[in-house]
Amino acid sequence: MPTSLEKRKMVTVLSIDGGGIKGIIPGTLIAFLETKLQDLDGPSARLADYFDIIAGISTGGLVTTMLTAPNKDNRPMYEAKDINNFYFEQTPKIFPQNRSAKESSLKNPKLSDICISTSAAPTFLPAHYFEVKDSQGTTRTFDLVDGGVAANNPTMMAISHINREMLKHGSEPMDANRLLVLSLGTGTAKFEGKYSATKASKWGLIKISNKRKTEKGKRKKNKEKEHPLSWHIMSIGLAKRKMVTVLSIDGGGIRGIIPSTILGFLESKLQDLDGANARIADYFDIIAGTSTGGLVTTMLTAPNKNNRPMYEAKDINNFYLEHCPQIFPQKSRKNFFTSITNATKPGPKYDGKYLRSLTNGLLGDLTLKQTLTNVVIPTFDIKHLQPVVFTTIDAKENSLKNAKLSDVCISTSAAPSYLPPHYFEVKDDQGNIRTFDLVDGGVAANNPTMMAISHINREMLKNNSEPMDATRLQVLSLGTGAAKYAEKYSAVDASKWGLVNWMFHNGSTPLLDIFGDASSDMVDFHVSTLFQSLNVKDNYLRIQDDTLSGEESSVDIATEKNLESLVVIGNGLLKKPVSRVNMDTGRYEKCEGEATYEEALVHFAIQLSEERKLRQTN
């Protein structure tokens, strides 16, 4: 594939979202497209003849397989026009309404297993377990659910796959000028106003999993700008810079202690180089944070009365150690039976009152546009079913996007079932009001690295500047730890679970765990591919510990012992060798010849210091 791709004028991609029976929508569109191709090239024309890559998730994976699996004549098994007939005939049986790998044989499973797995939507269809065995008798096992938890829209995955293949064969990365992409959605309900934060704040685990309708609402828009974009960091300034620096911090509840420990070390090295007044916010053009990472982002960038960062990085762990036991009181975790009670009681596990009081007291009336460097903090609007990303630049352009930092922090931390959703309003000088019904940004981007990079390019585009390629980006991405080796869940067990078990199982929340890890890993996959394909892998440093287990992998077990353990894990991570994610296994593997994370951060600090001094002289 790579050899032929690099010689082509264009590379063509078809991408099909997941969405269950709504696969009929893209099925209808591709049928129309195939008839037009047949009008041009004859009745034997098939979509598989025209696309270099066809990517599909969940129901889109079924469509992809039907378009590409060979029949006995080695032609596509289905014409596109027949796919909807398949849905009409088969989906009533799949969802009955009477409700009471060429390079490695270990990666060459049966298409039937792939289709069953990518369609195994949690709570709707059972998880799928299967094995693949190679000619040497080696067996690889799979415990899989719907690919939609990682990438319901697989377009970016398809593009990353192209670049990964180009990279493997020593070819130049595929730039967008040579890509022709058709991305098909399966329909959404953005304008229905499905859920409100006011009502959802009273939901417990069970309500979150079965709630279907609330009051309808209308979206309000306001495009009026306060002033033209002119802030010192974005667009025009970026275009002139040698490097653009990005810090990204994942979500993960109390595990925010791990990246905070890393940041404390980095800031100390910057202070060694540039003096005791050096702060993280002085060196990064963009700091992005989700959930607990959004709290850390705010502490690093919110101004104190002297217009300097409110917190030194070394003090953030003390914040966690002092306040987490009050945010997540442990009386609800005394024993297993109490946990079961929490699963069925109305309202979230924690009332969120302490967190709201704490953030309001610390941040007062400070707003987004007052941060000391650009911030990017994602949340998710449950009324309109779409991400809402709060940024300093947007706040400066539009007063209806200039939310109070306290509201942003409460919203991005409002993990469903743990803390209540947050409703608030923003009013501009003309009296226009924008309302927000928000939950934890981790449901959209638990790892906000890609969001930060996209934000840079969006601002460049708005000001007619050249896009920012990875050779001029210096990115530090900090995870909050994961339990990859704990093998917490199995498809055999999960195939028997209903709604309750997916939301709450043996003291854990499988559905939330799966979505959080999948989001973080997919972003790392895409960003790693981007930097490696351009031969600038050292411009991207991802620091993550995927060996957590037991209580240390939780987001809310805020005992003194567990919090102190996370500090130890963060300090221990500094001593580990730099690792990068294995694209096949998802696990981090030691890079031969690489330094420790501590040494890598010392080098990173030197680069940040030199870049800052270069800017100051110019």
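## Salt bridges

A salt bridge here is a side-chain nitrogen of Lys or Arg within 4 Å of a carboxyl oxygen of Asp or Glu. The model is predicted, so local features need pLDDT of at least 70 and side-chain atom pairs count only at pLDDT 80 or more, while totals for chains, interfaces and linings use all residues. Residues are numbered from 1 along each chain as its sequence is written, and side-chain values use heavy atoms, leaving out hydrogens and water.

Glu 312 pairs with Arg 279 in a salt bridge, with the closest N and O atoms 3.5 Å apart. The partners are 33 residues apart: Glu 312 is in the loop between α12 (292-301) and α13 (316-327), and Arg 279 in the loop between α11 and β7 (286-289). Helices (H or I, at least four residues) and strands (E, at least two) are DSSP runs, numbered from the N terminus. Arg 279 counts as buried because its relative accessibility is 13%, where buried means under 20% relative accessible area, exposed over 50%, and partly exposed in between (1.4 Å probe, protein chains only).

## A charged network

Lys 537, Asp 538, Arg 580 and Glu 594 are linked in a network of salt bridges. Within it, the closest N and O atoms of Lys 537 and Asp 538 are 3.6 Å apart. Lys 537 is partly exposed at 36%, whereas Asp 538 is exposed at 52%.
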